[in-house]
Amino acid sequence: MTHWLRRQFEAEVIRRRTHRSAVVACVLFAVVVSLALLRPGIYTVGPLVIGLESLRNPLLELGAAVLVALATRRRSFHLPFGFRLEPPLRLRRLWFGWTPGGRVFAIVLTAKLLITSLNLLRLPGQYLPSLRDFGNRIDDPLEEVFARGNRYEQFERFFERCRQELPDDARVLYSGRSEGQLLAYILYPRPVFMHPTDRYVAWIGHQVLDLGRPLPDDELFPGSLPPPLGVPSLESFVAARRITHEVRFVESDLAECRIGTIR
Amino acid sequence: MIALLKVTAGLALFTGAGAGLIGLIPGTEENDGDPLHFGWCVLAGTALAALLLHVPLALDGHIPHAAFLLAFCLSLVLAVGPGRAHVRRIGIARFFGLDLLYALPSWLRVVTLLLVLLAFSAALGPFVAWDERAIFGLKARVLYHEGSVLGEAFRDTGYIHIHARYPLLVPLLEASLFTLKGSGDDRFLKLLFLLFSLSLALVVAGEARRLHGPRAGGLWGLLLLATPMLIGPSEGRGMTAYADLPFAAFVTGATVLLGRAIDHPGSRDALLAGLLLGAALATKQEGAIWAMALGLALLVTLWRRMAPRTAGLARSTATVAAPALLFLALSLAAHRWTPAPAWSERYSVVFSLAWLRQLGWRPVEIAPFVLRQLTNWKVWGWGWLLVVTGLLALRRPRLLPTPFFWRVTALAVFAADIGIFIVTPNHVHWHLATAFSRLLLHLFPLAILILMEQVGASGWPGRGHAEAETHA
C-alpha cells in the first residue's frame, strides 16, 4: 500500500512538472511563432543559430507543447491526450452493433481522418511560398534563374525586371505565351497588348502545349482552325494603340528575352 | 500595419452590413437552433455591398471612389444600428460560432485555432496565383484606378485581359478594399477569401448544429474546413483569390436557406436565399447552372411532397427570384460595353450536330479523370470517398423534403458539370485539368451537408442501426 501511494505521489509530481514545463514551452513557442510570422529570418542567440524562415516547425512545436499540456492536466493523467479506457471499450461494443455498411463507413472515416491529419501537417510547408514569393531566391541573377529551367520562376523574375525598367507611361506590346496575362497585372496601370494572332496561338498553346499534348486531329476543334480573319497587321496594331515598348519572353532562353522600345 | 487594419475594418464593415440587413428583415430571431450568425452576415454583407456597387456600373459604366466609400458608409450605418441589435439578440458567443468551438474536445479546439492562425498568416501575403491576378486582380485594379469599365482594358480586345466579361462581384469587393487602403497593393486582400472560407464552414456547421446539436456542428465544420481544397494555397484552392470559394459559399448558403424555406414558405429565408443566389450569379457564370438546378430541385421536391400551399409557395418563389434577377440584370448591364473575345463565336460549334455526333466516347474519355479527382487525397482528403461511402453504406429512414431537395440540387449540378465537359470544344484534358476540381469545390460543402444529414438520420455511430431500420 505504501509502495502504491509512493508511486502515485511520484506520478503526480512527474505530471505536475511535465505540465508546468509544457505550459512554459507553449508560451515560448507562441513567441517563436509570432517571430517567424512577423520577422522571419535567421537568429543568432549566443552559440545557437536558429532558422525561423518557416512557420512549419514552430507551429508543430507549439501544437506538440499544447497537446502535452492538455494531456498532463490533472483530470486526464491516466492516458495521454485525455483518452480513458472507456472509449475503446465503447468503440468495441459499437463495432459489433454496427451493420456491415456502418463498419465500412467507420473504416473509410478513420482513413479520411488520418489523411486529413497528414494534409494538415503538410499545410504549413504549402503556405510558405505564398508568404514570400520564391523564397530567398529573389536576389539570384536572371542567368541562374533561367539555368534552373523553372518556367514560372523565369517569367515571374523577368516580369519583375520589366516592372522596374519600363517607364510609368510605357504602352507595351507583349510577345510570348499565356504568361502575358500575368504581365498585364504586374505592369498595370501600364497597358499591355498582344497581337490577335499571337494571342490566339498563345491561348491554344496554353490549352495544349502546357499539358505536353498534341492538338486533337479534328478540324472542328477550335484550335485546329486558322487564326481569326481580318486581324490588323502588326504595324497598324502598334500604331493604333500608340505602343511605345516591346517585351518578349522566351522560355529558358534569356538571350531571346527582350525589353525594348518601339520606334 | 495600417493597411492591415484598413482591410480588417473593411471586412468588419461588410460583416456589419450583413448583420444590419438580417436585423432589418422581420422574423430573423425565430431561427430554430441556428441563428443567422457571423457566417451568414459575411455572405449577406458582401452580397449587399456588391449589389450596391453594381448599380453605378450598370447605369453608365463608371464607379467613382465615392461610390465605394458610400457603400462603406451605408455598411457602417447598418452595422451600428440593426446590426448591433442583431448581434446582441443572438449573443456574441453564438454569433461568432464559439459554442461550436467549445463543443469540440479541447485538442480539436487547439487544432482548429492553429489551422485558422496558419491560414491567417498565409492570407497576409500578396497574390501569387494565376487567375487571382490575371482575371480578378486585373479587373479590381482597373476598377480602382480608372473607376470604369469603359477604358481600353475592358473594351480593346487587343489588351491582354482574359475573360474580360466575367462577372464582377469579386473584383468589386477587392476594389473596395483597395479604395479603403488607398492603393492597388494586393497584400492582405486574401483575408477576404479566408473570411469566405470560415463563413462557409460556419454555415455548414450551423446547419449541422440545427439538425444534430453543437458538437456535431463543430465536428462537421472542422471536417469541411480541414479539406485541402478549401484551405490550401495552391492554384484554385480556397486560400487563393479565385472566385470559386466565394461562389461555393454563396450557392451553399442559398441552397441551405431555400431548403429551410421549403419547410416555412414565405419566410425571410427566401429573401436571403435570393440575395445569395444573385450574388452567385454575379460571381461566376456557373451561377446560371445552380439557379436552374435549384429551380428544378424545388419543382421535383414540391411534386414529390404534393404541397397544397400554392399561394405561400408562389410568394416564396417571387421573394427568391426578385433579388436574384435584380442582381443578374445589374451584372449583365455592367458588361454591355465589353466586347466578346474575337474567336468566341467559334465556340458555337457545340450547337452543331456534327460536333455532338462525334462525342459518343467523351464520357468514357473523361470518366478516369473524374474518378481520379474524386479520390485524390491531396486535394479532397478523401472527402468525396467518405460522402459516397456514407450515402451507399449507411441505412436511413425515408428522406424528408429538405435533404431530398439538397440531393436533387447536387445531382443536377453534377450532371450539368459533366455535361459541359462532354460537349466542350476546348481540349478536354486541359479543360478538365483546369476547371474540374474548382467545379467540385462548388458542390463539396453541399455534399458534406448531405452526408451529415445521412449520418445523423442513420443513427450512426451511437444509437445503432436498429432505430434506422425501425423507421424504414
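Student: Into which domains is chain A divided?
Tutor: This is a predicted model, in which local features need pLDDT of at least 70, side-chain atom pairs count only at pLDDT 80 or more, and totals for chains, interfaces and linings use all residues. Residues are numbered from 1 along each chain as its sequence is written, while chains are lettered from A and ligands numbered from 1 in the order in which they are written. With bounds that come from an automatic or database domain assignment, the parts of chain A are domain 1 (1-82), domain 2 (85-132) and domain 3 (141-261).

Student: How many residues of domain 1 of chain A are in contact with domain 2 of chain A?
Tutor: Two residues are in contact if their C-beta atoms, placed from the backbone, lie within 7 Å. On the side of domain 2 of chain A, four residues take part. They meet residues of domain 1 of chain A, and the number of these is four.

Student: How do the residues on that side of domain 1 of chain A divide into classes?
Tutor: Ala, Val, Leu, Ile, Met, Phe, Trp, Tyr, Cys and Pro count as nonpolar, Asp, Glu, Lys and Arg as charged, and the others, Gly among them, as polar. The side of domain 1 of chain A that touches domain 2 of chain A therefore has two nonpolar, one polar and one charged.

Student: How many helices and strands does chain A have?
Tutor: Helices (H or I, at least four residues) and strands (E, at least two) are DSSP runs, numbered from the N terminus. In chain A the count is nine helices and six strands.

Student: How many of the eight residues of helix H7 (residues 180-187) of chain A are buried?
Tutor: A residue is buried if 20 or more other C-beta atoms lie within 10 Å of its own, exposed if 12 or fewer, and partly exposed in between. In H7(A), the buried residues are A:Gly180, A:Gln181, A:Leu182, A:Leu183, A:Ala184, A:Tyr185 and A:Leu187. Helix H7 of chain A is mostly covered, and its number of buried residues is seven.

Student: Is A:Arg242 buried or exposed?
Tutor: Phi of A:Arg242 is near 50°, a positive value in a residue other than glycine. A:Arg242 lies in the loop between helix H9 (234-240) and strand E5 (245-248) of chain A. With 8 other C-beta atoms within 10 Å, A:Arg242 is exposed.

Student: Is B:Trp382 buried or exposed?
Tutor: B:Trp382 is not a glycine, although its phi is positive, about 60°. Its place is the loop between helix H19 (377-380) and H20 of chain B. Since 23 other C-beta atoms lie within 10 Å, B:Trp382 is buried.

Student: Which element gives the largest share of the side of chain B that touches chain A?
Tutor: Between the chains, 58 residues of chain B are in contact with 59 residues of chain A. Among the elements of chain B that give two or more residues to this side are H6, helix H7 (130-146) and H22. By class, the side of chain B has 35 nonpolar, 18 polar and five charged residues. The largest share, eight residues, comes from H6(B).

Student: Are H2(A) and H6(B) roughly parallel or roughly antiparallel to each other?
Tutor: Helix H2 (residues 56-71) of chain A and helix H6 (residues 106-123) of chain B pack at an angle of about 160°, with their axes 10 Å apart. Axes are lines fitted to C-alpha atoms, for helices over the stretch in contact, and angles run from 0 to 180 degrees between N-to-C directions. Angles under 35 degrees count as roughly parallel, over 145 as roughly antiparallel, 65 to 115 as roughly perpendicular and the rest as oblique. H2(A) and H6(B) are therefore roughly antiparallel.

Student: Are H10(B) and H22(B) roughly parallel or roughly antiparallel to each other?
Tutor: Helix H10 (residues 191-212) of chain B packs with helix H22 (residues 428-458) of chain B at an angle of about 15°, and their axes are 10 Å apart. H10(B) and H22(B) are therefore roughly parallel.
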